[in-house]
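Have a look at the model before you start.

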Amino acid sequence: MLDFFARNRVATLFGVTVLAFILIGIAAPGYLSLSTASVIMSNSLVLMTVGLGTMLVILTRNIDVSSGSVLGLSAVVLGLLLNNDVGLVPAIVICLICGALAGLFNGLLVTLFNVPSIIATLGTLGLFRGIMLILTGGKWIEELPQSLKFLAENGSIGISVLTVAVAIALAGVWAITRHTRFGRYFYAVGDNREAARHLGIRVHLVQISAFVAAGILAALAGIIFAAQIGFIPNQAGNGVELKAIAANVLGGVSLLGGSGSVPGVFVGVIFMTSIDSALVFLKIPAFWNDFIAGAVLLLVLLLDGRVRIAVEKAIRAKRYAVHAPAQTSNATPAPHTMRKTPATPQENAQ
Amino acid sequence: MERNINDATAVRVNDIWKSYGGTSVLKGVDITLLPGQVHALLGGNGAGKSTLMKSIAGLVNPESGSIEINGQTLSNASPAAAQALGLYLVPQEAHILPNQSVLENICLGLRATAKSLRGDIENLVADLAVKLDLDAQAATLEIADRQIVEILRGLIRKARVLILDEPTSALTPHEANALFDRVRQLQAQGVGIFFISHKLREIREICDVISVLRDGAIVLYGALDDYDDQQIVEAMTKAAVNSPLTTPQRRQNHQDFSASACVLELDQFSGEGFHDISFDVRAGEIVGLAGVVGAGRSELAETLFGLRPSSGGTVRLLGHELKKRTPRHCVDAGLVYLPEDRQQNGLFLEASLAWNMSGYTMHRLGFFPKSRRETGEFAEFREALGIKCESPGQPAGRLSGGNQQKVLLAKCLAANPRVLILDEPTRGVDVAARNDIYRLIHQLAEKGMGVLLISSDFDEIEQLADRVIVMAHGHQCGELSSHAINVDAIAHLAFESGAASHA
């Protein structure tokens with residue numbers, strides 16, 4: 001049943017995405033091509049990575065709105081290291097550790113200090129952005145080495161090293177949430193924290209793990225960001241956290257925790273990215289982007305809401321139908337049992 | 001039992017102290033449980049039973065004292081640590097993960113996979129003679145099924161020590177007996193069991209040893225056979241008991257209500273989970289609606305009160321047809337419903353007691369509700385119902401189960417109803433509070449209120465009801481009045497008819 005619901009949302013969104021592609025394809029021939037697919041894929045990498053981490057946090061019934069700043073901070077750490085002649089591999093490792101530490105800080109605030117996650121991560125959203133600006137002195141980091149930019153270049157089959165890295169991240173998170181006991185704990189903690197604690201699950205550990213994973217993934221997104229555009233502006237990652245949350249909701253991840261899946265986030269992110277690319281292709285002025293993206297988001301959610309209500313109704317009807325036919329078709333036992341009962345004043349009255 | 005008893009206590013609690021906000025809840029409690037022993041634990045509301053058991057299960061950290069489980073000290077209390085030592089607490093209020101399947105709910109936290117345990121769980125389900133769809137989403141479970149999930153969690157864990165906190169409060173007698181068989185099997189395997197219950201009959205049936213807690217201290221301990229019911233109840237309530245609390249008096253004279261005015265009348269009423277229900281409730285009469293869990297009684301009540309859609313039939317309240325059924329219309333027309341699940345549907349747990357009391361009458365209070373009047377009214381109910389609380393501003397969630405139930409009753413009565421539907425009014429309520437509630441129900445009926453009492457506790461129905469409607473599988477399958485009302489007759493109807501309609 002749970003699977004059905006989750007898949008149902010993914011299926012709805014998938015259907016809408018395919019339909020949108022077909023319609024745009026008709027309106028603008030040439031849109032449906034491998035090169036478009038390649039563009040959408042590389043454009044979606046940052047959001048995909050951040051969204052994946054956000055999903056893990058939301059599953060545990062928390063929220064992380066600091067991932068944009070974590071992205072910026074770790075990208076800056078990477079850039080500064082690289083421009084000070086640190087090798088690419090150690091720089092990437094340190095950058096990821098930096099993301100993990102930022103996530104750990106969030107996790108500790110939420111668990112040990114019992115700060116509601118929305119407040120804790122709103123605080124660190126500012127804090128991490130501030131640290132980033134202090135590190136750079138407010139300047140952009142430019143002239144990143146070629147070795148980093150190479151990671152974002154498409155190879156012979158149109159796939160970059162970063163695409164492979166994101167694919168591995170997707171597969172990894174999918175395998176963990178879907179097939180490991182620890183992964184199930186994420187769902188359990190989000191579904192009913194008290195129950196999870198009661199069943200002997202280390203709730204704090206699970207919550208901290210989710211934040212740390214989100215931090216690492218945001219740092220990975222920072223690497224992708226830096227590699228793709230070749231420099232690091234001050235506002236790197238600004239607002240990506242809200243987009244990531246929207247993509248999660250679109251992909252069927254419940255903000256109340258306890259339900260959601262990697263395929264859902266995947267489709268949600270692709271959907272949001274393809275809207276952007278389609279608008280470019282349809283030559284709609286860029287200032288329409290936010291309006292259209294918002295409207296489409298609402299439309300999909302409304303549609304999905306309708307579908308859900310219909311499904312729930314069907315389930316209810318099925319559940320209560322158990323009694324109904326037994327009465328009409330099986331009327332014989334009823335008078336038999338009635339006879340056992342003594343006549344009552346009420347029956348006489350009728 | 002065959003093991004050396006000296007080093008094989010299942011649980012040994014030594015001088016446990018715990019206080020909340022300055023009031024001591026546990027004052028140096030010692031308690032010991034041997035393997036293969038079923039140890040009854042009794043006590044009134046707020047006596048400290050739950051806190052004691054939660055300390056043993058690692059859910060609460062006591063301030064001082066030590067706890068040993070299977071010979072090992074429980075340090076650094078956490079549920080995980082207690083479970084690692086072989087202990088599981090089956091709580092009174094089931095902890096459910098609504099988005100997961102029933103199977104996942106049972107297996108979560110175990111090392112083995114759900115798939116590999118499926119067979120074992122199916123056997124347990126069959127042993128307990130309950131019906132449970134393991135693949136259903138847990139959110140769809142009724143409250144009784146949720147409790148069964150908790151019990152299954154306890155059984156599947158192969159714990160060496162089990163704590164059962166009122167395990168039968170949502171079970172039918174049939175299911176309860178099946179559970180007791182299971183408990184005896186576990187006992188024979190050397191599992192030690194703490195059994196918390198308010199039903200002395202149950203305790204007599206399966207327990208060996210009894211401890212009674214009062215005000216955070218053990219006031220009675222020994223072999224169960226050494227004490228009679230009166231002694232046990234006196235130990236619980238401290239004050240010498242004048243009225244025999246164990247069996248509250250049944251209404252003496254079975255009046256004939258056929259002459260009284262008809263306050264509630266159902267005709268061929270149908271809805272989700274019940275069909276063609278026709279009966280009436282007269283002024284001053286207590287009509288019991290008996291049946292096993294899942295018979296459609298709560299659905300009927302919720303539909304009457306406008307919480308679910310109906311699919312046919314008519315309802316007449318005080319002689320007028322009740323066409324528009326929303327909770328607000330019902331309350332204004334004089335029909336009030338006390339829901340089964342007080343935590344989920346009954347109380348605003350964070351809100352003050354006075355606010356909770358005006359829950360049904362909020363719309364009558366005007367744009368600026370006068371809190372002084374509310375507090376005054378609450379003081380009256382506090383006195384009348386014997387609600388134990390610190391102040392009217394206290395959050396309802398802090399009260400014990402029995403007192404919460406009394407606040408819920410105050411909420412219903414504040415609306416001044418003519419017909420009161422009570423759905424399991426004494427679920428999870430201790431003996432003393434239960435008797436208060438029984439007495440109150442009698443008083444209300446004597447004042448001319450029509451009471452529809454839904455209960456799975458057939459004893460309760462026998463004690464209170466003037467007339468009984470029995471439901472099974474959504475159908476009305478019988479009616480008993482005056483002297484024909486007894487537990488056996490009700491059970492006979494409820495189970496027989498169920499079996500018949502299944503054939």
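**Exercise 1.** Find which ring Arg157(B) lies over, and at what distance from the ring centre.

*Solution.* Start with the criterion: a charge sits over a ring if NZ of Lys or CZ of Arg is within 6 Å of the ring centre and within 35 degrees of the ring normal. In this predicted model, Arg157(B) sits over the face of Tyr88(B), 4.9 Å from the ring centre. Next, Lys411(B) covers the face of Tyr360(B), at 4.6 Å from the ring centre.

Residues count from 1 along each chain as written, chains are lettered from A and ligands numbered from 1 in written order, and side-chain values use heavy atoms, without hydrogens and water.

**Exercise 2.** Classify the ring pairs of Phe305(B) with Tyr337(B) and with Tyr360(B).

*Solution.* Rings of Phe, Tyr and Trp (its six-membered ring) pair if their centres lie within 6.5 Å; planes under 30 degrees apart are stacked, over 60 edge-to-face, the rest tilted.

1. Phe305(B) and Tyr337(B): 5.8 Å between centres and 50° between planes, hence tilted.
2. Phe305(B) and Tyr360(B): 5.7 Å and 75°, edge-to-face. Each sits in a loop of chain B, so this pair ties together parts 55 residues apart in sequence.

Technical notes. Predicted model: local features only at pLDDT ≥ 70, side-chain atom pairs only at ≥ 80, totals over all residues. Helix = DSSP H or I, 4+ residues; strand = E, 2+ residues; numbered from the N terminus.
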